[in-house]
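Look over the sequence and the structure first, then read the points below.

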Amino acid sequence: MVNKVFVPPIKIQGIKTKIVNLISDNVYLTPDSTWYEPFMGSGVVGLNLAPHKAVFSDTNPYVVELYKAIQQKKVTSKIVREFLEYEGAILAEKDDEHYYYIRDRFNEKHNPLDFLFLNRSCFNGMIRFNRYYKFNVPYGHKPERFAKAYVTKIVNQVKHLESIFPENDWEFVCCSFEETIARAGSGDFIYCDPPYIGRHVDYYDSWDEEHEIALRDALFASQAKFMLSTWDENKYRKNDYIDTVWKGCYKLNKEHFYHVGAREENRNSMMEALLMNYDPATCTKRPMANGEQLTLESIAL
Ligand SMILES: C[S@@+](CC[C@H](N)C(=O)[O-])C[C@H]1O[C@@H](n2cnc3c(N)ncnc32)[C@H](O)[C@@H]1O
């Protein structure tokens, strides 16, 4: 159980802030385990749970570069404050015009500070790229977008990273999930949060059935314990991959509510699932084999 969940400076659709504690209660780590997180996104899970050694990776180079820049002290909380105050003041004056100026500048030069600026001022904190890998999220209109309190909040999030990075042996790498999973050994732990199959996603890369199967094969071949986040069902649909591709895993469920718009009748629920190759109650690992008939055990919370 994490007492106070640390919220990182990056926002991303599908961020797992709300289930950090559920994950924490069910991961299996020893002080010697290395934490592998091949779909780090904002990094919220590992940044709260990872032991001394960890490898965070993603195919989106810009999230990785931002964390590396903070780790290497090329981007500090002081630099972030000065940057956001300066660019935020111009945004307050020029509005969209300045947002799109920074977006063009980022797409040309890929400065991590520009990425942070865009991530914290774009529409709904989305991370989305077009087929030429150009960031294409529109401006998220808001008066005083970078108000003093908002800048301070972001600066404090960066400060927190500055304080935890030197205490830990954490590596940030831009690579595909296969490379990261292949590095994990028997005492290690892999947490995976890939784009949700069968649902509309727009991250850095697309995700389809071929990816889902490649991920399953990589995880089932690993000696490490793994946990995978996915969706189970909502009012309209069920994730059929759970009983097919992921057959044989232990499963934990949690209902998650979200709003589309402000009205109460638009409150929808979605069942999130955590799939594991070990029994979270006893931490006993189950041998995983492709296509083998194993019963799916469901422990509803
Ligand atoms: C659901 S998000 C992860 C969210 C993260 N757990 C969080 O709470 O912030 C999925 C991530 O997978 C990354 N991704 C997509 N395809 C990938 C691939 N083939 N290998 C590694 N990462 C990939 C995306 O860039 C995105 O950051």
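Among contacts in the chain between residues at least 6 apart in sequence, what percentage join residues at least 24 apart? The figure is 69%, where contact means heavy atoms within 4.5 Å. This is a predicted model: local features need pLDDT of at least 70, side-chain atom pairs count only at pLDDT 80 or more, and totals for chains, interfaces and linings use all residues. Residues are numbered from 1 along each chain as its sequence is written, and side-chain values use heavy atoms, with hydrogens and water left out.

**Chain overview**

- The chain has nine helices and ten strands. Helices (H or I, at least four residues) and strands (E, at least two) are DSSP runs, numbered from the N terminus.
- Of the 301 residues in the chain, 50% are buried. Buried means under 20% relative accessible area, with a 1.4 Å probe and protein chains only.
- The chain's accessible surface is about 14800 Å². Carbon and sulfur atoms account for 50% of that surface. Accessible areas come from the Shrake-Rupley method with a 1.4 Å probe; for residues, only the protein chains shown count as cover.

**Ligand site**

- A side-chain N or O atom of Asp 58 is 2.6 Å from a ligand oxygen.
- A polar side-chain atom of Asp 193 lies 2.6 Å from a ligand nitrogen.
- Phe 177 uses its backbone: an N or O atom there lies 3.3 Å from a nitrogen atom of the ligand.
- On its own, the ligand has 600 Å² of accessible area, and the protein covers 97% of it.

**Helix 6**

- Helix 6 spans residues 112-119, and seven of its eight residues are buried.
- The buried residues include Leu 113, Phe 115 and Phe 117, along with Asp 114 and Asn 119.
- They pack against helix 3 (61-71), helix 4 (77-94), helix 5 (96-109) and helix 7 (148-164).
- At the start of helix 6, a side-chain oxygen of Asn 111 comes within 2.8 Å of the backbone nitrogen of Leu 113.

**Cysteines**

- The whole structure has zero disulfides, a disulfide being a pair of cysteine sulfur atoms within 2.5 Å.
- Cys 122 counts as buried because its relative accessibility is 3%.
- Cys 192 is buried too, at 0% relative accessible area.

How values were computed
A polar contact is a pair of N or O atoms within 3.5 Å; within protein, one must be able to donate a hydrogen and the other to accept it, and residues adjacent in sequence count only if both atoms are side-chain atoms.
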